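I opened a notebook on this model and wrote down each thing I looked up. The entries follow in the order I made them.

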Amino acid sequence: MGDAAGVGGVRDVELVVLPDAGAAAAAVAALLAEAVEAGGSIVLAGGSTPRKAYELAAALDGDWGGVDVWFGDDRCVPADDPLSNQLLVRDALLDRIIVHPNVHAFATELSADEAAAAYDAELRGEPLDLVLLGLGADGHTASLFPDASTLDEHERLAVAAAPGLEPFVERVTMTIPALESGAHVVFLAVGEGKADAVRRAFATAPSTSTPASLVRSGEGRTTVILDAAAASLLP
């Protein structure tokens, strides 16, 4: 079901390829449930791909009371806006569990710079146990977009990010130093439309043109969970 790091031309990751998107979501849900059982800090991804995984994770364990939840990124919109990652997590996860975690949300009512500075301060000294990330068709992850100046940030843990694709609203994002501090970094990507980005992110040399290729756990492990369609262009 999985290939060890480096096998078959895949670089620096544990690769898990599953038959379909539902199976990939279930695998991520199981990892989330394990992290909840262990306690600690979990960073959640936005976008549409992880929604099913959050719903399944809520069904697996309704007590998240020993967990701190962080966001890898968000858009600078109200927390009840359909574009908000906070709304996604609330609808798919938080409203479905009994005991809630300690949620650290970006203050998206502030300017992007102010929200990023506040999150950076809050993140200082906080260990991150599980970091869940998505992958855009352009190779971005969180709100780290191709060839953006945010990829050169080595000190701050959260920064403002100009929108790299629609919808064109300001964003806030964890930086590479924050994401790579995760003990277990997990990427989830499904669908044929992600296949080329998967190839570039995990089977070619690191490049700022594919930001996901730059993000690996610094001291722990990195797992990539794919369905067969997303893995179809891997060597």
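**Entry 1: Ala-137.** I began with Ala-137, which is partly exposed, with a relative accessible area of 48%. For the wording I used these cut-offs: buried is under 20% relative accessible area, exposed is over 50%, and partly exposed is in between, with a 1.4 Å probe and protein chains only. Ala-137 sits in the loop between E7 and strand E8 (158-161). I noted the rule for such labels: helices (H or I, at least four residues) and strands (E, at least two) are DSSP runs, numbered from the N terminus. I then looked along the chain and found Val-198, 61 residues apart from Ala-137, with 8.4 Å between the two C-alpha atoms.

**Entry 2: ground rules.** The model is predicted, local features need pLDDT of at least 70, side-chain atom pairs count only at pLDDT 80 or more, and totals for chains, interfaces and linings use all residues. Residues are numbered from 1 along each chain as its sequence is written, and side-chain values use heavy atoms, with hydrogens and water left out.

**Entry 3: strand E3.** I looked up how well E3 (residues 40-44) is covered, and four of its five residues are buried. I then asked which strands pair with E3, where pairing requires that DSSP finds at least two bridges between two strands. E3 pairs with strand E4 (residues 67-71) in the parallel sense, over five bridges. Within that pairing, Gly-40 has Val-67 of E4 as its bridge partner. Between E3 and E4 the chain passes through helix H2 (residues 51-60), and this β-α-β crossover is right-handed. Right-handed here means that, with the strands pointing away from the viewer, the path from the first strand over the helix to the second runs clockwise. E3 also pairs with strand E7 (residues 130-133), again in the parallel sense, over two bridges. There, Ile-42 has Leu-130 of E7 as its bridge partner.

**Entry 4: salt bridges.** I counted as a salt bridge a side-chain nitrogen of Lys or Arg within 4 Å of a carboxyl oxygen of Asp or Glu. The structure holds eight salt bridges.

- Glu-55 and Arg-96 form a salt bridge, with the closest N and O atoms 3.4 Å apart. This pair links distant parts of the chain, since Glu-55 is in helix H2 and Arg-96 is in the loop between helix H3 (85-92) and strand E6 (102-104), 41 residues apart. Glu-55 is partly exposed at 21% relative accessibility, and Arg-96 is partly exposed at 47%.
- Arg-124 and Asp-120 meet in a salt bridge at 2.9 Å, N to O. Arg-124 is partly exposed, with a relative accessible area of 43%, whereas Asp-120 is buried at 13%.
- Arg-199 and Asp-196 form a salt bridge, with the closest N and O atoms 2.8 Å apart. Because they are three residues apart in helix H6 (residues 195-202), about one helical turn separates them. Arg-199 is partly exposed at 28%, and Asp-196 is partly exposed at 32%. I also found Asp-196 and Arg-199 linked with Arg-200 in a network of salt bridges.

**Entry 5: the cavity.** I worked on a 1 Å grid over the protein atoms alone, where a cavity is a set of points that a 1.4 Å probe fits but cannot get out of, a pocket is an open set with protein on both sides within 12 Å along at least five of seven lines, and lining residues have an atom within 4 Å of a point. Grid points are joined across faces, edges and corners, and a volume is the space filled by probe spheres set on the points. The count comes to one cavity of 30 Å³ or more. The largest cavity has a volume of about 40 Å³. Its lining includes Ala-45, Gly-46, Thr-49 and Leu-188. The lining divides into five nonpolar, three polar and no charged residues.

Entry 6: The largest pocket has a volume of about 390 Å³. Of the 24 residues lining this pocket, the closest to its centre are Gly-46, Gly-47, Ser-48, His-140 and Ala-142.

**Entry 7: positive phi.** Ala-142 has phi near 50°, a positive value in a residue other than glycine. Ala-142 lies in the loop between E7 and E8 and is buried at 13% relative accessibility.

Key
Ala, Val, Leu, Ile, Met, Phe, Trp, Tyr, Cys and Pro count as nonpolar, Asp, Glu, Lys and Arg as charged, and the others, Gly among them, as polar.
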